[in-house]
Amino acid sequence: MSLVSHIAHAASAGSVTTTGVIGVEKTKATLEGITSLTGVTERGFEFGTTASYGQTIQDTTPLTEFATVVHSAKEGDGTPKKIILDTDNNIVALYDDYGHSTTKIVKYSVSGDKLLEFSSPGSSDGLLQNPGTIATDSLNNIYVADTGNNRIQKFDANGNFILAFGTQGVSIGEFQDPVSVSIDNSGKLYVADRGNSRIQKFDSSGNFLLSFGESGFDDEQFLTLVSVAADSAGNVYTLEHSDGSGINRSRVQKFSSDGSFLLSWDDENSNNLDFHYPTTIRMDRNDDVYILSDGDYYIQKFSPQGAFIR
């Protein structure tokens, strides 16, 4: 079966129906269990087996800007954990079964042809242990939040290992469960250092630049960090949820590129931010904010100021 069993282009019209969501990146949504697909002029996704189940999101931005809808993996590769597009519109997929046997990165063409495959479980350079997310820069270098090894790894566009930085710890440049990595337009990296309740910023060579955040419930503090993303202006958005102490709360915070707090919104003060296990935050080309909930299988859209859109 082809990696891309359904690709919709802006020339057609209709909707997508799916039973689940794998991930949302800056220019695409990764869906599983698609039960029907017609061509889409506007990006509209109905999560569930019928239109009456879940929430439908529609936007007037052409689907070509939302890129490719990916359904099923190439035979033998299984279901990807995260998928992104590089600047050549190739699909870069992260596979991981939590270190048992299948931990790898595979690059496919937009038609689903496998271009390269690299990495496997382990702790040596180039190997991965329970990786969280992946990101690509303008040169199509691939960065991986190697969560289980408490480091970030960088590969070139051909999958060759370039460098790794970070180790387990609490000092600057060290990590406790780095679960998410994002790259801004200037090539700076932001890492969600979950165990240390902070965001760390690095240059593309892994040199530490700054850190912000601490554990807590107030603004500029974090509960359990799950995702980080940078918009076109270099502002940084964080997504967090309950800290595991029985408090059920989800929150988004927005910071400037120097770590200064700008604003926040959460499910206590918003009638619309209501998630069961929110996992991913991403921006589109207009810097509108998309938040994915794996527990509820739907996406919500907000303005950069936190106003609910749909």
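Arginine 194 and aspartate 177 join their side chains in a salt bridge, with N and O 3.8 Å apart; the term covers a side-chain nitrogen of Lys or Arg within 4 Å of a carboxyl oxygen of Asp or Glu. This pair links distant parts of the chain, 17 residues apart: arginine 194 sits in the loop between strand 16 (189–193) and strand 17 (198–202), and aspartate 177 in the loop between strand 14 and strand 15. Strands, like helices, are DSSP runs numbered from the N terminus, a strand being E over at least two residues and a helix H or I over at least four. The model is predicted: local features need pLDDT of at least 70, side-chain atom pairs count only at pLDDT 80 or more, and totals for chains, interfaces and linings use all residues. Residues are numbered from 1 along each chain as its sequence is written, and side-chain values use heavy atoms, with hydrogens and water left out.

Arginine 194 counts as partly exposed because its relative accessibility is 31%, and aspartate 177 counts as partly exposed at 32%. The classes are set by relative accessible area: buried is under 20%, exposed is over 50%, and partly exposed is in between, with a 1.4 Å probe and protein chains only. The backbone of aspartate 177 also deserves a look. Aspartate 177 has a positive phi of about 65° although it is not a glycine. Most residues other than glycine have a negative phi. The loop that holds aspartate 177 runs between strand 14 (161–165) and strand 15 (178–183).

A positive phi occurs at asparagine 150 too, where the value is near 50°. Asparagine 150 is found in the loop between strand 12 (142–146) and strand 13 (151–155). Is asparagine 150 buried or exposed? Asparagine 150 counts as buried because its relative accessible area is 8%.

The salt bridge between aspartate 146 and arginine 151 has an N to O distance of 2.7 Å. Aspartate 146 and arginine 151 are both buried. Arginine 151 is also one of the residues in contact with alanine 164, along with Asp125, Ile152 and Gln153, when neighbours within four places in sequence are left aside. Contact here means heavy atoms within 4.5 Å. Alanine 164 lies in strand 14 and is partly exposed, with a relative accessible area of 33%. The C-alpha atoms of alanine 164 and serine 124 are 9.9 Å apart, while 40 residues separate the two along the chain.

How many salt bridges are there by this rule? The count comes to 9. Among them is the pair of glutamate 117 and lysine 104, whose closest N and O atoms are 3.8 Å apart. This pair also links distant parts of the chain, with glutamate 117 in strand 10 (residues 114–118) and lysine 104 in strand 9 (residues 103–108), 13 residues apart. Glutamate 117 is partly exposed, with a relative accessible area of 42%, whereas lysine 104 is buried at 9% relative accessibility. Salt bridges link Lys104, Lys114 and Glu117 in a network.

Lysine 254 has leucine 263 in strand 22 as its bridge partner. The hairpin of these two strands has 5 residues between them, and there glycine 259 takes a positive phi near 90°.

Strand 23 and strand 24 (residues 289–293) run antiparallel and are joined by 5 bridges, with methionine 283 standing opposite valine 289 in strand 24.

Valine 289 is also among the contacts of serine 303, as are Trp265, Asp288 and Ile309, not counting residues up to four places away in sequence. Serine 303 lies in the segment after strand 25 (298–302), and serine 303 is buried, with a relative accessible area of 11%.

Terms used. Pairing = 2+ DSSP bridges.
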